[in-house]
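Biologist: I am new to this structure. Could you walk me through how to read it, feature by feature?

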Amino acid sequence: MMRSSCARLVRSLAASGSARAYGVSTPNLANKQFIINAVGSDRLGIVSDMTKYVTDVRGNVGDSQAARLGSNFSLMMLVEIPESQIEVLKESLKNMQDMNATIHEATVDAAARTPQIAYSGKFKLSGADHPGIVNKVTTILTQNGLSIDKMETSESIAPYGGTMLFKMRGIATAAAPLAANFDIQKVKTELSDLGDSMNCDIALVDVADDEYQGSFYAG
């Protein structure tokens, strides 16, 4: 299953393509952590506007992730601000142009609760679209003890034939310690068999822990 927004924000992802990630600032223990979720029409300056609202209330921007979805833009950001300034920030976010933003208190210390990763893998799918294909892939991963840390899907016209090509990619991880019955080769076989049955290519490639940060957008 997907990890909570707070827990997953602490691992930044390398920026590339239509999805972007932003850096981490040093936490201030006198502040409180909040998570901002915003979605709306894509336009120039969204990230600049939102980070200015945070700094205007003496806050710091921590980890964040953003993605363009068609003509829409989505942004999730972990911030630290003085508790006395939360209403001011909420009011600023409410007035953002063409964006609907909400802010929630991070009730746990995200950094302290982030589990150690024992396995990281990059999964990819390419082929004809089928109803339920995303559910089938993610079910295999979940049933074998893997969490989905990042996932992206898209459609494009195939180079030859003009048919619609469905693509899916993401990062799946397993926390330490690994279960006694954890078998990554079994997962790979199940994904490959699923691909054969649905006329598409599905693969899961191991990535070393120190490669994890850039692995989602690498190749």
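Modeller: Let us start with a pair of side chains. Lys94 forms a salt bridge with Glu91, and the closest N and O atoms are 3.5 Å apart. A salt bridge here is a side-chain nitrogen of Lys or Arg within 4 Å of a carboxyl oxygen of Asp or Glu. This is a predicted model: local features need pLDDT of at least 70, side-chain atom pairs count only at pLDDT 80 or more, and totals for chains, interfaces and linings use all residues. Residues are numbered from 1 along each chain as its sequence is written, and side-chain values use heavy atoms, with hydrogens and water left out.

Biologist: Where do Lys94 and Glu91 lie relative to each other?

Modeller: Both are in helix α3, three residues apart, so about one helical turn separates them. Helices (H or I, at least four residues) and strands (E, at least two) are DSSP runs, numbered from the N terminus.

Biologist: Which parts does the salt bridge of Glu83 and Lys32 tie together?

Modeller: First the distance: the closest N and O atoms of Glu83 and Lys32 are 3.6 Å apart. Glu83 is in the loop between β4 (72-81) and α3, and Lys32 is in strand β2 (residues 32-41), so the pair ties together parts 51 residues apart in sequence. Glu83 is partly exposed, at 48%, and so is Lys32, at 24%. Lys32, Glu83 and Glu105 are linked in a network of salt bridges.

Biologist: Now the helices. How do I read their packing?

Modeller: Two packed helices are described by the angle between their axes and the distance between the axes. Axes are lines fitted to C-alpha atoms, for helices over the stretch in contact, and angles run from 0 to 180 degrees between N-to-C directions. The axes of α2 (residues 46-56) and α3 (residues 86-94) come within 9 Å and cross at roughly 160°. That makes α2 roughly antiparallel to α3. Angles under 35 degrees count as roughly parallel, over 145 as roughly antiparallel, 65 to 115 as roughly perpendicular and the rest as oblique.

Biologist: Which residues of α2 and α3 meet?

Modeller: Met50, Tyr53 and Val54 in α2 meet Leu89, Ser92 and Leu93 in α3. Contact means heavy atoms within 4.5 Å. By class, this contact has five nonpolar, one polar and no charged residues. Ala, Val, Leu, Ile, Met, Phe, Trp, Tyr, Cys and Pro count as nonpolar, Asp, Glu, Lys and Arg as charged, and the others, Gly among them, as polar.

Biologist: At what angle do α5 and α6 pack?

Modeller: Helix α5 (residues 133-143) and α6 pack at about 165°, with their axes 10 Å apart. That makes α5 roughly antiparallel to α6. Lys136, Val137, Ile140 and Leu141 in α5 meet Val187, Glu190, Leu191 and Leu194 in α6. The residues of this contact divide into six nonpolar, no polar and two charged.

Biologist: How many helices and strands does the protein chain have?

Modeller: Seven helices and nine strands. Buried residues make up 42% of the 219 residues in the protein chain.

Key
Buried means under 20% relative accessible area, exposed over 50%, partly exposed in between (1.4 Å probe, protein chains only).
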